Amino acid sequence: MLLDFWPRLTFINTHYFIIQWTPIGTKTRCMTLSLVLFLVGILGFVLNRKNIILMLISIEMMLLAVTLLVIVSSFSFDDIVGQTYSIYIIAIAGAESAIGLGILVAFYRLIPLLVLVFLRIDTE
């Protein structure tokens, strides 16, 4: 890119300042990446309703996108609460993954298929 970095002046007092080279659009790029990850997770969940493992991966991808967005917002607002909240999101994602895979193993022991078939009942 042509202008990836731009000087930012940080004033210490009225006579002294520091010149820092900061990247342009890092926040925007991270938020765009978060949006793309979330949309891919939604598409993976909606379009692939038969494979349980891919559904779990799609949910994990959506949680990763939300975590990335929370961390980027926390850095831009210079707040520690968002970073703490992102750690909670990661813990919840790990617990969800463990519970989901446990249910998957129990289901696989009963019926040795990894494909869900939704029954359509027509009531007339």
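Which helix does S34 lie in? S34 lies in helix α1, and this briefing starts from there. The model is a predicted one, where local features need pLDDT of at least 70, side-chain atom pairs count only at pLDDT 80 or more, and totals for chains, interfaces and linings use all residues. Residues are numbered from 1 along each chain as its sequence is written, and side-chain values use heavy atoms, with hydrogens and water left out.

**The chain as a whole**

- You're looking at three helices and two strands, where helices (H or I, at least four residues) and strands (E, at least two) are DSSP runs numbered from the N terminus.
- Read from the N terminus, the order of elements is β-β-α-α-α.
- Of the 124 residues in the chain, 15% are buried; buried means under 20% relative accessible area, exposed means over 50%, and partly exposed is in between (1.4 Å probe, protein chains only).
- Take the contacts in the chain with a separation of 6 or more: 42% of them are between residues 24 or more positions apart. A contact here means heavy atoms within 4.5 Å.

**How α1 packs on α2**

- Two packed helices are described by the angle between their axes and the distance between the axes.
- Helix α1 covers residues 26–47 and helix α2 covers residues 52–77; their axes are 8 Å apart, at an angle of about 160°. Axes are lines fitted to C-alpha atoms, for helices over the stretch in contact, and angles run from 0 to 180 degrees between N-to-C directions.
- That angle makes α1 roughly antiparallel to α2. As for the cut-offs, angles under 35 degrees count as roughly parallel, over 145 as roughly antiparallel, 65 to 115 as roughly perpendicular, and the rest as oblique.
- The α1 and α2 crossing is left-handed, the label used if the near helix is turned anticlockwise from the far one by less than a right angle (right-handed if clockwise).
- In the contact of α1 with α2 there are 18 nonpolar residues, six polar and one charged. For these classes, Ala, Val, Leu, Ile, Met, Phe, Trp, Tyr, Cys and Pro count as nonpolar, Asp, Glu, Lys and Arg as charged, and the others, Gly among them, as polar.

**Two serines to look at**

- S34 is buried, at a relative accessible area of 4%.
- Leaving aside neighbours within four places in sequence, S34 is in contact with A65, V66, L68 and L69.
- A polar atom of the S34 side chain lies 2.6 Å from the backbone oxygen of A65.
- S58 lies in helix α2 and counts as buried too, with 7% relative accessibility.
- Not counting residues up to four places away in sequence, S58 touches G41, G44 and F45.

**From α2 to α3**

- Helix α3 takes in residues 81–110, and its axis comes within 9 Å of the α2 axis, with a crossing at roughly 175°.
- This makes α2 roughly antiparallel to α3.
- The contact of α2 with α3 has 16 nonpolar, seven polar and two charged residues.
- D78 is in the loop between α2 and α3, and it's exposed, at 71% relative accessibility.
- Most residues other than glycine have a negative phi. D78 isn't a glycine, yet has a positive phi of about 55°.

**Over in β1**

- F11 lies in strand β1, which spans residues 5–11.
- F11 is exposed, with a relative accessible area of 57%.
- Apart from residues up to four places away in sequence, F11 touches Y16 and F17.

Notes
Polar contact = N/O pair within 3.5 Å; in protein donor to acceptor, adjacent residues only side chain to side chain.
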